[in-house]
Amino acid sequence: MAKEAMTSKYWLNLGDDGILRVKIKEDCSVDIDDIQLFYEAYERLTEGKIVPWLLVASTEYSISRDAQEFGASQSHRRLGMAIVTESTWNKLLINTYSRIIRPKSPLLVFTDEAEAIAWLKLFLK
């Protein structure tokens, strides 16, 4: 049975397929406190298991530098991350960010959610 949680900035859903789906609320600014609350919700949902993540980046939002750094330091807590966005600008930013920060788990950007899910399922085998 799927489980879900919400914080003031995030919606999280751990699907029956073992993939964590994440959506960031529209037009918000994420700071270090927000991302720490996200990881607390993640731990509760997954009961400490490491799972693949699907982030649907369909809204405009910003993440503070310290929140970005904290998130990067926690990348070992996911099997892989697929980010779905149709924005060319978002793709460019995400690809640049991943080259600079070098997350400890694989990260790919997709325009098609079904393709992203298929890629994430490879981590569950």
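**A colleague's note on the predicted model**

1. Let's begin with confidence. In the chain, helix 3 (residues 88-101) has the lowest confidence, with a mean of 62, while helix 4 (residues 113-121) has the highest, at 96. The score here is pLDDT, the predictor's confidence in each residue, on a scale from 0 to 100. The chain averages a pLDDT of 85, and 84% of the residues score at least 70. Where pLDDT is low, the predicted coordinates should not be read in detail.

2. A word on reading this note. This is a predicted model, in which local features need pLDDT of at least 70 and side-chain atom pairs count only at pLDDT 80 or more, whereas totals for chains, interfaces and linings use all residues. Residues are numbered from 1 along each chain as its sequence is written, and side-chain values use heavy atoms, with hydrogens and water left out. Helices (H or I, at least four residues) and strands (E, at least two) are DSSP runs, numbered from the N terminus.

3. Now to the strands, where two count as paired if DSSP finds at least two bridges between them. Strand 2 (residues 10-14) and strand 3 run antiparallel and are joined by five bridges. Within this pair, Leu-12 has Val-22 of strand 3 as its bridge partner. The two strands form a hairpin with five residues between them, and Gly-18 in the turn has a positive phi of about 85 degrees.

4. Strand 5 in turn runs parallel to strand 7, with five bridges joining them; here Leu-55 stands opposite Ile-83 of strand 7. Strand 7 and strand 8 (residues 107-110) are also parallel, joined by four bridges, and Val-84 is partnered by Phe-110 in strand 8.

5. How covered are these strands? Buried means under 20% relative accessible area, exposed means over 50%, and partly exposed lies in between (1.4 Å probe, protein chains only). In strand 3 (residues 20-24), four of the five residues are buried, so the strand is mostly covered. In strand 7 (residues 78-84), six of the seven residues are buried, so it is largely enclosed by the rest of the structure.

6. Helix 1 deserves a look of its own. It has 15 residues and reaches 21 Å from its first C-alpha to its last, close to the 21 Å expected at 1.5 Å a residue; the expected span is 1.5 Å times one less than the number of residues. Its buried residues are Asp-34, Ile-35, Phe-38, Tyr-39, Ala-41, Tyr-42, Leu-45 and Thr-46. They cover an arc of only 160 degrees around the axis, which puts them on the same side of helix 1. The arc is that of the directions from the helix axis to the C-beta atoms.

7. Asp-27 has a positive phi of about 50 degrees although it is not a glycine; Asp-27 lies in the loop between strand 3 and strand 4 (28-30) and is exposed, with a relative accessible area of 59%. Glu-47 is not a glycine either, yet has a positive phi of about 55 degrees. Glu-47 sits in the loop between helix 1 (32-46) and strand 5, and at 66% relative accessibility Glu-47 counts as exposed.
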